[in-house]
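Here is my note on this model, point by point. Please read it with the structure open.

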Amino acid sequence: MTAIGFSRGDLYYLLPELIVCTGALLLLLADVALSQQRQARAAWVAILSLGAAATLLAVMSASETTIARGTFAVDGFAIFFKLLFVMSAAVTVLLSHRYLTIEGGRPGEYYFLVLCATAGMMIMASGIDLIVLFIGLETMAVCFYILAGFLKPNRRSNEAAVKYFLLGAFSLALLLYGMSLLYGLTGSTALRAIATALASGSSGRLLAVAVMLLVAGLGFKIAAAPFHMWAPDVYEGAPTPITAFLSVGSKAAAFAMLLRIFFEGLPAFHLDGLGSVFGQPLGWASFFYVLSVLSMTIGNLAALTQTNVKRMLAYSSIAQAGYMLIGIVAGTPRGVSAALLYLVVYAFMQLGAFGVIVLMRREGVAGDELRDLAGLSSRQPAIGIAMLLFMLSLGGIPPTAGFMGKVWLFASAIEAGYFGLAVIAVLNSALSLYYYVRVVVYVWVRREEPGTPPIVLSRAMIVALAFAAAGTLALGVYPRILFELAQASAASLGRAEPMLGWLR
Amino acid sequence: MHDWVPILIMLGFATGFAAFNIGASKLIGPKHPTPEKLAPYECGMPPVGDARERHPVKFYLVAMIFLLFDIEVAFLYPWAMALRELRWVGFMQLIVFFAILLSGYVYVWRKGVLDWGRDRD
Amino acid sequence: MHLYPITAYHYLVLAAALFALGATGVMLRRNIIILFMSIELMLNAVNLNLVAFSRLNGHVVGQVFALFIVAVAAAEAVVGLGILLAFYRNKETLNIDEVNLLRG
């Protein structure tokens, strides 16, 4: 076997990504090759390729190796995230089916972009080399720029795309400059080699600048304050299923990249080594501490006054990013696994909440204002109950998954000695209840306005919402399995070694 | 002096190639001169006029697609330099790369972006 | 006249200056196309940085990184221009202050 090129093992471990990409290309060609009617099956192609990828991921779930000359890790961490991405993408496809018919987009192009974005996320979860991470990030981001503006005649969608594109490209430039400095300091783009090189020498101020740029660039991508200003506008203007996918998938992917870079590439600088401020040693946890507090506070305060549900959920998702950052500030195995766990929990409840908003979109009704939700429970009691569940979970009320997730996050902060952070987080959770409960009041107490068109359920929609609701409830009642999975995945971070044996 | 021989050969080839093509089209190409074709720049637009006028969206689309395919070729140079080490595996990788580009091209083509005859955008 | 030799460090300073210029452009300019050009300037500063570091470190990884950035930036530019085209058709302006439907 030559040193360059692919081995059989490389191909095997890349199969999930390859399947998703092949599905995407088939959809793209089907868009121009097939008649309009047969394109209705585009959603099936997307679901099938995502299902095949998920099956393969489950098969290789015990793997722990690196491929492609040590640039691509297939470990528990990567597979945990990839399953999360594939799941969110599948729910997004289910949510999109009828929405696309109403809005009149071409399904082939749309699902092509969804699958490409998924492939990009999967690469982000596996990349342990700056170049690979960058390629994955851009594959995802470029698809999302287009998807945000997918409703071409719709001005709000146009605006969302313009804003997302400009701020996304700007944040990419910051991130890349940080990466180039990191490369210059260490002479390598491989994260482990970076860690080794930094451990042996003193690095000084330039490293602090690099870390700040990386934090800012990734802060944009996870929509953490003060880098959050694009999120409300983009979430509101983008097609609702895409908003759901954006808030769950791209946030989780950016978190995966963040964890890879900081825990595999810069583990020695968690608490100090980047200079000092007011006599306190400065590590990257300090930056994330600030981001976390700002995100929670700004996100929750701004969400209080929103009347548009998509916008409200955008601010809420900024606050949720703040909660997740707590686990990263703590930096302990428990903290990281709590962040991983919370990302899954968040995916279920956020997809569910946006799913209900997608459902409200009917001919002639945008359905994303609070008042559109009035009387939902009397028309569709099951949906009313599901929305209640999602809101309680987002607010962190037992017996939902959101409660368990928050308990572990806050406990990890206390365990690592961050009492202040835990107190701020608890106060913020209490504050957030106001606007989550307000949604519940609209759904369950307010009467509907007369003359609004009926809410019709489709099969795909029922499956998606039932899945999200079941996840939200099951993980709240019986979270043990997911907790163990998250712990194992967090522990696998940075452990994978190049494989030996027959595959090589 | 010896080092410069390959460059001289390349210069000779380049000149010869250009001369051959111009000559061949002069000799055997059909000639139907029209005012547009005789204009100094045959680019589909009046060469003199206000530079701020609005152009059909086709120009932008073609420019954008040109940009993409043009840049992707940048990967060919390092690949060509390393082909001897990469061998067949490298060759197959590039085939896959181009198959993906090609499917993008087919998409663009079937969408009618390259079709200047019909007026639709 | 005495000429100082140009070292890789000069390129790093140039890259930093370009990056700062680009970032300033993003903050101050109002035309979306110019904003976009400023961002491209920042990306090219990164490329310059990578190639200079590649030279300093004496291996080729930085150049490979730069090549990927060039290609991806082109793809991003095309997508961006497409988005601007759709925006312009509906709005007839490219002033960032007119991107104002979404507020709250």
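1. Helix 6 of chain A passes helix 9 of chain A in a left-handed crossing. Left-handed means that the near helix is turned anticlockwise from the far one by less than a right angle; clockwise would be right-handed. Helices are DSSP runs (H or I, at least four residues), numbered from the N terminus.

2. This is a predicted model: local features need pLDDT of at least 70, side-chain atom pairs count only at pLDDT 80 or more, and totals for chains, interfaces and linings use all residues. Residues are numbered from 1 along each chain as its sequence is written, and chains are lettered from A and ligands numbered from 1 in the order in which they are written.

3. Helix 6 (residues 155-186) and helix 9 (residues 230-237) of chain A pack at about 145°, with their axes 8 Å apart. Axes are lines fitted to C-alpha atoms, for helices over the stretch in contact; angles run from 0 to 180 degrees between N-to-C directions.

4. Which residues make the contact? Helix 6 of chain A uses A:R156, A:S157, A:E159, A:A160, A:K163, A:Y164 and A:L167. Helix 9 of chain A uses A:W230, A:D233, A:V234 and A:G237. Contact requires C-beta atoms, placed from the backbone, within 7 Å. By class, the residues are five nonpolar, two polar and four charged. Nonpolar covers Ala, Val, Leu, Ile, Met, Phe, Trp, Tyr, Cys and Pro; charged covers Asp, Glu, Lys and Arg; the others, Gly among them, are polar.

Note on methods:
Helix = DSSP H or I, 4+ residues; strand = E, 2+ residues; numbered from the N terminus. Contact = placed C-beta atoms within 7 Å.
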